Amino acid sequence: MSMAGSNDRPVLEARGRLERFNEDRERILGEVERRVVGRRLAAAATGGDHSLEYVLNDVCFAEIRRLEAAGGKRNKKALDHWRDLAGHLRAMSEAEKRAELARLVGHYGKDIVGNFDPRVYRFASDLLPSALGFLFRPISGLRDGVAALRSLDERVSVEGDLDVARACAERGTLVVTPTHSSNMDSIVIGFALMRAGLPPCTYGAGKNLFTNPFISFFMRNLGAYRVDRRLRFELYKDVLKEYSTVLLEHGYHSLFFPGGTRCRSNIVEKSLKLGLLGTAITAFRNNVRAGNPQRRIYVVPATINYRLVLEAETLIDDYLAETGKSRYIITDDEFSRFGRIVEFIRKTLVHSGSVVIRFGRPIDIFGNEVTDTGDSLDRAGRPVDPQAYIRGADGEVSDDDQRDAEYTRLLGTKLVAAYPRETVLHGTHLVARVLYDRAATIAGTRDIYRLLRAPASQLVMPAAEVAAGVDVLLRRIAADPEYGHVHGEFAASPTATVVDNALAALASYHTRPVATRHGDQIAVGDLKLLYYYQNRTHHIPSGGRS
């Protein structure tokens, strides 16, 4: 279901919850601090690795190592503070350690906490469609500019089980879980929620994204909270998870990128980070225990599908260099340069549906399907009360971390299965797949490192064969719903036209054209990027894969 022409659809009344966030903020932070400090003090009473000295030393060690790696001279004041604290830990009294623990929890909570300004939301609601409409189309004059302002719905399409998602939002709290390809995702998914008539969500965004002043202004004021992925010690993770838990308990719709960071390979996510996702189960359990079981929590899988990806060159280089762990946070890529963002949008998002956001059917936090009105169904399709999953034989709510971790793992499995099914494949993906298959067949391997040494003669294919290969892929996708959806352009135009449009896009933005047409032949220009774009079809098997 495309949402073109839905500008007048009212956003759900649930938006009012986020509009009241600033009133709740101090209470939320206070609750986070109370819980985290309370847990840590209770654990410290058992001694060993849970002692306050151990917890504080872990923080000091991690912060010192981070600051030294970032350049000790530039961070001398902060580095001296952590070294001084580490040196005094043994001499501190238990009361002083408790005070330091509370201070650190409060510090990290304030660093994480988001903000929501209704004025900025209303401004963005009015501005964003016009601004993106202007940018998503090449402008040659005033007439083109005016037309562009009216064309946003043609550039960004929103599809999926939207009526069910809206029904679940009215009944409970949503956790929207999109795939993650680009730093543009936060902006795009925010616009998609608005366009779909779904409430705005609070969401965690990498702290490095806040370095772009223009983007940072909107993120800071539209519900984003900061996640510093450089901080990997347990106390910080504890504060972050508790913050997410308290938000969900209070009914704030949330958005998580379960893949964690951007997918370097462009393969639809198969491995998820389940930490924040698990907070949904904890929040539901806490609400049931508090006597508020009616506020259910629903998980909405979503895919963000780009014709081209802004940071594709940086991401695939990082992936192929196998430096994903050491360069987990890329701080200087295409997204960090505002001019590059504008160039990307103006040059590439020029076709109908250049970005497609597809919302899957909601499920409950235990991975169960739900009815159109949000009632849970067990594996046999029978109605089931979600409370049954967290109550013991005596009917009381029970705390069982191992049980809840298994529930979270099952939920992650459901999302991994849903993502390929909800993926929308553009012409760029299918053309890249056909060209890559051809090169792999000739070389006798699909290994990208071997193919990078292949002669140029193996990277050429007749245009007619490319179109025929795309037709074969289209038939395979149509025959198996698990392979996903194809872009609407295939229904609107002959395959040969779609191939030409895909080639135009693949040659329009990146430093080197990915593939170009020369007469009746198509030649690959950048094999790494070809590999990146064909990877979006990785879940569709092919013969001879090695």
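Buried here means under 20% relative accessible area, exposed means over 50%, and partly exposed is anything in between, using a 1.4 Å probe and protein chains only. Asn266 sits in the loop between β5 (254-255) and α13 (278-289), and its phi is near 75 degrees, a positive value in a residue other than glycine.

A word on the ground rules. This is a predicted model, where local features need pLDDT of at least 70, side-chain atom pairs count only at pLDDT 80 or more, and totals for chains, interfaces and linings use all residues. Residues are numbered from 1 along each chain as its sequence is written, and side-chain values use heavy atoms, with hydrogens and water left out.

**The chain as a whole**

The protein chain has 22 helices and 15 strands; both are DSSP runs numbered from the N terminus, with helices being H or I of at least four residues and strands being E of at least two. Of the 546 residues in the chain, 55% are buried. Contact means heavy atoms within 4.5 Å. Among the contacts with a separation of 6 or more, 76% are between residues 24 or more positions apart.

Axes are lines fitted to C-alpha atoms, for helices over the stretch in contact, and the angles run from 0 to 180 degrees between N-to-C directions. Here are the pairs:

| Helix pair | Angle | Axis separation | Crossing |
|---|---|---|---|
| α3 (52-71) and α4 (76-88) | about 150 degrees | 9 Å | left-handed |
| α13 and α16 (401-422) | roughly 130 degrees | within 9 Å | right-handed |
| α12 (234-249) and α13 | about 50 degrees | 8 Å | right-handed |

For handedness, a crossing is left-handed if the near helix is turned anticlockwise from the far one by less than a right angle, and right-handed if clockwise. As for direction, angles under 35 degrees count as roughly parallel, over 145 as roughly antiparallel, 65 to 115 as roughly perpendicular, and the rest as oblique.

Take α3 and α4, with their angle of about 150 degrees. That makes α3 roughly antiparallel to α4. On the α3 side the contact uses Val59, Cys60, Glu63, Ile64, Leu67 and Glu68, while α4 brings Ala78, Leu79, Trp82, Arg83, Leu85 and Ala86. By class, these are nine nonpolar, no polar and three charged residues. The classes go like this: Ala, Val, Leu, Ile, Met, Phe, Trp, Tyr, Cys and Pro are nonpolar, Asp, Glu, Lys and Arg are charged, and the others, Gly among them, are polar.

Helix α13 turns up in the other two rows. It crosses α16 at roughly 130 degrees, which makes α13 oblique to α16.

With α12, the angle is about 50 degrees, so α12 is oblique to α13. Here Lys241, Ser244, Thr245, Leu248 and Glu249 of α12 touch Thr279, Ala280, Thr282, Ala283, Asn286 and Asn287 of α13. This contact has three nonpolar, six polar and two charged residues.

**Buried helices**

Helix α22 (527-534) has seven of its eight residues buried, so it is largely enclosed by the rest of the structure. The buried ones are Leu527, Leu529, Leu530, Tyr531, Tyr532, Tyr533 and Gln534. They pack against α14 (312-320), α17 (427-443), α18 (448-451), α21 (495-506) and β15 (521-524). At the start of α22, a side-chain oxygen of Asp526 comes to within 3.2 Å of the backbone nitrogen of Lys528.

In α9 (162-171), the buried residues are Leu162, Val164, Ala165, Arg166, Cys168 and Ala169. Their packing partners are strands: β1 (156-160), β2 (173-178), β6 (297-306), β7 (355-359) and β9 (369-370).

**Around Ser182**

Ser182 lies in the loop between β2 and α10 (185-195), and at 1% relative accessibility it counts as buried. Leaving out residues up to four places away in sequence, Ser182 touches Arg262, Tyr306, Val309, Leu310 and Glu311. Ser182 and Leu310 are 128 residues apart in sequence but 6.8 Å apart in space, C-alpha to C-alpha. The side chain of Ser182 also makes a polar contact with that of Glu311, at 2.7 Å. A polar contact is a pair of N or O atoms within 3.5 Å; within protein, one must be able to donate a hydrogen and the other to accept it, and residues adjacent in sequence count only if both atoms are side-chain atoms.
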